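Welcome, and thanks for opening the viewer. Let's walk through this structure together, one selection at a time.

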Amino acid sequence: VAWQPRLNGFLFSDASSALSQQEFDNINAILTGIEGLIARRQALTSEGRLDATAQPSGNWDPTKKQVYEIDAQTTSFMTSFALLMQRDYDILKKLRLYSQAFSGYQLATLAPAVHRPWIREKLPADYDRFLRMLVGNPDESVHKFVNTANKLPEAYRFSFPAKFGEIGWIVDDMVLSKDTWMYLERICLLHECGILPALIEKSKTTTVRIMEIGSGFGGLAYFLKRIIPNSRIVLIDLPESLAFCLSYLATVFPGISHSLVTTADYPVPEGPGFTYVSNYDAPSLQVPNLDLAINTLSMAEMEDEQIISYCKLIQRSLAPGAQFFEQNFGFSTNATKNLVAAISQVLTNPRLIQSAIIPTLEKGTPRLWSA
Ligand SMILES: C[S@@+](CC[C@H](N)C(=O)[O-])C[C@H]1O[C@@H](n2cnc3c(N)ncnc32)[C@H](O)[C@@H]1O
């Protein structure tokens, strides 16, 4: 029987932004850990022990003016990071509204981030009043989510939680927006190529090991952990981005292990949980027997040397027969390149994933690679 979803209005940010004192304190401790990682990066760099591949570059280069605003100011991802590091309760409790850098969608204004000024300051306390003027009937992403979810196993039918100011159209008990749709597209592709069903099956007897490079605010990791609870998910990103995803995931998955790696040569444990690794510690990471490696919407924003370094990590870490799932656009404005050629320097046998469920993919060309 086809699922008959019911629209129950719109969830505004005040209704999804409860953050307890304990949660706030935990996030503060996380942000202190992140400051430690940035200080270590500085120290290792000045000792000459880190090269250019360890530094944020391309769209993530803090020294580059990335977005030109109408008032002649410039903004970037670091603008969002600086806001987060204010450790302001009102900002942290609505963290999702400050996470536009990762999906390219400005959830706060329900618009592509490129159509709006970057969010440069704390949103007004009565922000939802303004939002009520913006919200109309569900946009097309809600229809796409519903149509796609209808063709997928019921176990994939959920959204991000009503937490951190998540906003969106309420469909049954889900909160849907363009962001939710974007992550379901990836889940659908991972399902259709057979990887997700195989990992779900494997997780019944052993902890599945997944590594994601460039994990953003943790959106895909959230979906994967919900679908495969018996998983160890290793997230590699710049410390500035780990600040977002560790704060998010540690709060929405409170009962499980979240380890922030603070040393080189770290051996990733066997059991379930999350491991967070700074990009500059990735080359020496010990993460054998990986069942899946992932990169979405970020390798195209990296330098060739960074891509090759990650591909070598993937190559030495994938279990026999395991694959690398990658979905990217071919180039980005700040790091134009032939991504396939760069990955092909290390990994082999790229195969396009065709979707029989989604007529037009939105978030780049999906491929599987072998070690
Ligand atoms: C456009 S976002 C995409 C995030 C996420 N994959 C998604 O699709 O929502 C690009 C991500 O790549 C990360 N990134 C940039 N340079 C990186 C590097 N050298 N190593 C690891 N991650 C990097 C950014 O911090 C950011 O999280």
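Where is the place of Pro366? Select Pro366 and you land in strand β15, residues 365-370; helices (H or I, at least four residues) and strands (E, at least two) are DSSP runs, numbered from the N terminus. Before going further, please note that this is a predicted model, in which local features need pLDDT of at least 70 and side-chain atom pairs count only at pLDDT 80 or more, while totals for chains, interfaces and linings use all residues. Residues are numbered from 1 along each chain as its sequence is written, and side-chain values use heavy atoms, with hydrogens and water left out.

**Around Pro366**

With 3% relative accessibility, Pro366 counts as buried; here buried means under 20% relative accessible area, exposed over 50%, and partly exposed in between, using a 1.4 Å probe and protein chains only. Now show its neighbours: leaving aside residues up to four places away in sequence, Pro366 touches Leu189, Phe325, Glu326, Gln327, Arg351, Leu352, Ile353 and Leu361. A contact means heavy atoms within 4.5 Å.

**Zoom out to the whole chain**

Switch to cartoon, and the protein chain shows 12 helices and 15 strands. Its radius of gyration is 20 Å, close to the 21 Å that the globule rule gives for 371 residues, so the chain is as compact as a globular protein of that length. That radius is taken over C-alpha atoms, and the rule is 2.2 Å times the number of residues to the power 0.38. Along the principal axes, the C-alpha trace spans about 50 × 50 × 40 Å. Of the 371 residues, 58% are buried. Among contacts with a separation of 6 or more, 74% are between residues 24 or more positions apart.

**Into the core**

Next, select Ile187, Tyr222, Leu224, Tyr248 and Leu249. These have the most contacts inside the largest nonpolar core, which has 95 residues. Such a core is a set of buried Ala, Val, Leu, Ile, Met, Phe, Trp, Tyr and Cys residues joined through side-chain atoms within 4.5 Å. Centre on Tyr222: beyond residues up to four places away in sequence, Tyr222 touches Phe158, Ser159, Phe160, Pro161, Tyr248, Leu249, Val252 and Phe253.

**Follow the salt bridges**

How many salt bridges does the structure hold? There are 19, each being a side-chain nitrogen of Lys or Arg within 4 Å of a carboxyl oxygen of Asp or Glu.

- Select Asp14 and Lys94, whose closest N and O atoms are 2.8 Å apart. The pair links distant parts of the chain, 80 residues apart: Asp14 sits in the loop between β1 (7-11) and α1 (21-46), and Lys94 in the loop between α3 (89-92) and α4 (100-103). Asp14 is partly exposed, at 46%, whereas Lys94 is buried, at 6%.
- Select Glu23 and Lys163, which meet in a salt bridge of 2.9 Å, N to O. Glu23 is in helix α1 and Lys163 in the loop between α6 (140-149) and β6 (168-171), 140 residues apart. Both Glu23 and Lys163 are buried.
- Select Asp179 and Arg96, another salt bridge at 2.9 Å, N to O. Asp179 lies in helix α7 (residues 178-192) and Arg96 in the loop between α3 and α4, so this pair ties together parts 83 residues apart in sequence. Asp179 and Arg96 are both buried.
- Select Asp88, Asp90, Lys93 and Lys122 to see a network of salt bridges.

**Two backbone stops**

Most residues other than glycine have a negative phi. Go to Phe164, in the loop between α6 and β6: its phi is positive, about 55°, although Phe164 is not a glycine. Is Phe164 buried or exposed? At 1% relative accessibility, Phe164 counts as buried.

Then move to Asp265, in the loop between β10 (258-260) and β11 (273-278). Asp265 also has a positive phi, near 60°. At 51% relative accessibility, Asp265 counts as exposed.
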